[in-house]
Amino acid sequence: MSQHKLITEMLALSKSDYWVQAQDEWDFVEMHKGEGKDSCICGKTPIRYLCKLQNLFTHNTVIVGNCCVKQFWGFRADLIFAAVKRVNEDLTRSVNLPTLALAVRLKWITLWEYNFYTNIRGKAYENLSLNQAPIKDEINGKILRRIPIYKG
Ligand SMILES: [Zn+2]
């Protein structure tokens, strides 16, 4: 894989001409599992997790793999995908910390929700209070809507 290639290609699709600035223009839109036919913009092929990023100014979109999101955006698509898949299959489960960190960073959830979830995520669902359970459900729902799991 080539860092240089990713930077060149993404700069061409960004507003800024400087990578440090251009990097912040890109927002994570969604993630799903590939069928082994897709490539990352850096040239790595095939990639297992397809992360779609969109530029806030130019609205261009790109697909990047775990190889590059990990390096440039600091999150691991594989860990996040695994957590979301678990919760999708059983809504009483909890997402992991990397997923929560990403969700709060991208403002899918509020800082309050992040702190709440961090405090209760180790508890079994049946041990949550009557107030806590629906809040956890709502936060799980917010995250699942952002990372659709395509079955099959
Ligand atoms: Zn890559």
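Begin by selecting residues 49-55 and 61-64 in this predicted model: these are strands β2 and β3, which pair in the antiparallel sense over four bridges. Within this pairing, centre the view on Lys52, which stands opposite Ile63 in β3. Next, display the connection between the two strands. β2 and β3 form a hairpin with five residues between them, and His59 in the turn has a positive phi of about 65 degrees.

Proceed to helix α5, residues 97-105. Show the side chains of Thr99, Leu100, Leu102 and Ala103, which are the buried residues of this helix. Orient the view down the axis of α5: the buried residues fall within an arc of 165 degrees, so they line one face of the helix. Just after α5, select Lys107, whose phi is positive at about 65 degrees.

Two packed helices are described by the angle between their axes and the distance between the axes. For the contact itself, select Glu113, Phe116, Tyr117 and Ile120 on α6, together with Gln132, Ile135, Lys136 and Ile139 on α7. Colouring this selection by residue class separates five nonpolar residues, one polar residue and two charged residues in the contact of α6 with α7.

Terms used:
Residues numbered from 1 in each chain as written. Predicted model: local features only at pLDDT ≥ 70, side-chain atom pairs only at ≥ 80, totals over all residues. Contact = placed C-beta atoms within 7 Å. Nonpolar A, V, L, I, M, F, W, Y, C, P; charged D, E, K, R; others polar. Pairing = 2+ DSSP bridges. Buried ≥ 20, exposed ≤ 12 C-beta atoms within 10 Å, placed from the backbone. Arc of directions from axis to C-beta.
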